[in-house]
Amino acid sequence: MLDITLIRTNPAYVQAALAKRAVCVDIDAFLRLDSDLRRVRGEVERLRGDRRAVSGRIAQQQRASEAVEDLCTKARTVTERLAAAEQRLTELQRAHRAFLAPLPNLPDDEVLARGKENNKVIRTVGKPPRFTFEPKTHVDLAGTLGLVGYQRGAKLAGSGFWIYRDQGTQLEWALLNYFTETHLRAGYEFVLPPHLLT
């Protein structure tokens with residue numbers, strides 16, 4: 001998730017960096033939402049403090065056998081206002097998370113705008129091979145050989161995801177085993193942390 005402080009302090013930079021990844025969002029609308037969220041959060045804290053203070057005064061006056069009807073009315077009013085503010089806070093928090101959650105990480109400043117087709121060749125080593133046939137892309141080749149299921153992956157998880165199939169699965173698993181064994185030989189410890197749930 002993007003650093004909220006960076007969005008608040010440098011929204012133009014964030015907007016431009018996201019545009020490099022072809023992500024267009026309304027940062028100004030988000031900043032208004034963020035401002036509302038902080039204002040309502042402050043109001044909730046203030047109302048909670050008022051409720052504690054009124055409850056404390058009610059307890060004091062009851063111990064002193066003094067009338068508490070006015071304070072009880074005030075406590076009910078504060079509780080109602082607090083419930084409404086907490087509900088609004090929950091709505092704003094949901095909207096806040098919904099805006100931030102799908103945003104990708106910001107690319108490095110040197111990354112060119114748009115996709116990989118705009119990447120710049122820094123250097124070429126050796127001569128490119130020449131074929132007597134039209135070579136397939138890795139996407140076409142993996143699909144033709146049944147190594148990857150692109151459509152099913154996109155259906156399950158959205159655009160940009162795929163499913164390894166048959167020998168594609170075995171190849172992926174072999175690579176994972178190779179890297180695991182290589183790291184274990186180098187002295188690393190194999191750890192499986194809990195999966196992040198949202």
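Reply: A helix here is a DSSP run of H or I with at least four residues, and helices are numbered from the N terminus. Helix H4 is where you'll find His-96. Keep in mind that this is a predicted model.

Me: Why is His-96 called buried?
Reply: Buried means under 20% relative accessible area. His-96 comes in at 10%, so it counts as buried.

Me: Which residues does His-96 touch?
Reply: Leaving out residues up to four places away in sequence, His-96 touches Ile-4, Phe-30, Leu-33, Asp-34 and Leu-37.

Me: What makes H3 and H4 roughly antiparallel?
Reply: Angles over 145 degrees count as roughly antiparallel. H3 (27-63) and H4 (residues 69-100) pack at about 155 degrees, with their axes 8 Å apart. H3 and H4 are therefore roughly antiparallel to each other. By class, their contact has 20 nonpolar, 4 polar and 13 charged residues.

Me: Which hand does the crossing of H3 and H4 have?
Reply: H3 passes H4 in a left-handed crossing.

Me: Now H2: which of its residues are buried?
Reply: In helix H2 (residues 11-20), they are Val-14, Ala-17, Leu-18 and Lys-20.

Me: How do you know that they sit on the same side of H2?
Reply: Look at the arc around the axis: they cover only 145 degrees, which puts them on the same side of H2. What covers them includes helix H1 (4-9) and helix H3.

Me: And what follows H2?
Reply: Ala-22, whose phi is positive, near 60 degrees.

Notes: Residues are numbered from 1 along each chain as its sequence is written. This is a predicted model: local features need pLDDT of at least 70, side-chain atom pairs count only at pLDDT 80 or more; totals for chains, interfaces and linings use all residues. Side-chain values use heavy atoms; hydrogens and water are left out. Buried means under 20% relative accessible area, exposed over 50%, partly exposed in between (1.4 Å probe, protein chains only). Helices (H or I, at least four residues) and strands (E, at least two) are DSSP runs, numbered from the N terminus. The arc is that of the directions from the helix axis to the C-beta atoms. Contact means heavy atoms within 4.5 Å. Axes are lines fitted to C-alpha atoms, for helices over the stretch in contact, and angles run from 0 to 180 degrees between N-to-C directions. Angles under 35 degrees count as roughly parallel, over 145 as roughly antiparallel, 65 to 115 as roughly perpendicular and the rest as oblique. A crossing is left-handed if the near helix is turned anticlockwise from the far one by less than a right angle, and right-handed if clockwise. Ala, Val, Leu, Ile, Met, Phe, Trp, Tyr, Cys and Pro count as nonpolar, Asp, Glu, Lys and Arg as charged, and the others, Gly among them, as polar.
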